Amino acid sequence: MTRFTHPTFDDGSSSILQRMYKNAMSIQERHRHRYEVNPEYVDRVHGGGLKLVGRDETGERMEVAELPGHPYYVGVQYHPEFKSRPLAPSPPFHGLVLAAIGKLDEYLASQ
């Protein structure tokens, strides 16, 4: 069974991945079924520094995580590879390549 989810970015965040998705408030991606963040630990995870900046349409399941202060520490709970193509990479992969070559900040500033 294929399950699509609509990760919704938290309002007011300065999420790198949200900016890579051209400031979209929600996106449609295929959910990865194996692992999830226990909702009871979200506050502890935030307190430890990892920011869970995207949730599913119900607001219960964490879909996007970022580590502030790191050049590109981004994790997603969906399959960006399914929409990625060699000349049209999905935003998570595009951001990774930009960060690896030192061009992410320049790219985000131009958006």
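Mentor: We will take a few labels and set each against its definition. Keep in mind that this is a predicted model.

Trainee: Why is K22 called exposed?
Mentor: Exposed means over 50% relative accessible area. K22 has 57% relative accessibility, so K22 counts as exposed.

Trainee: What makes the phi of K22 worth a remark?
Mentor: Most residues other than glycine have a negative phi. K22 is not a glycine, yet its phi is positive, about 60 degrees. N23 also has a positive phi of about 60 degrees and is not a glycine.

Trainee: Where does K22 lie?
Mentor: K22 is in the loop between α1 (16–20) and β3 (29–30). N23 lies in the loop between α1 and β3.

Trainee: How do you know that β5 and β6 pair?
Mentor: Pairing takes at least two bridges between two strands. β5 and β6 are joined by 3 bridges, so they pair. They run antiparallel.

Trainee: What is the lining of the largest pocket made of, by class?
Mentor: The largest pocket has a volume of about 200 Å³. Of the 16 residues that line this pocket, V37, L52, A65, G75 and Q77 are the closest to its centre. The lining has 11 nonpolar, 2 polar and 3 charged residues. β5 gives the most, with 5 residues.

Technical notes. Residues numbered from 1 in each chain as written. Predicted model: local features only at pLDDT ≥ 70, side-chain atom pairs only at ≥ 80, totals over all residues. Heavy atoms only, no water. 1 Å grid on protein atoms, 1.4 Å probe; cavity = no way out; pocket = protein on both sides within 12 Å on 5 of 7 lines; lining within 4 Å. Points joined across faces, edges and corners; volume = space filled by probe spheres on them. Helix = DSSP H or I, 4+ residues; strand = E, 2+ residues; numbered from the N terminus. Nonpolar A, V, L, I, M, F, W, Y, C, P; charged D, E, K, R; others polar. Buried < 20%, exposed > 50% of the residue type's maximum accessible area, 1.4 Å probe, protein only.
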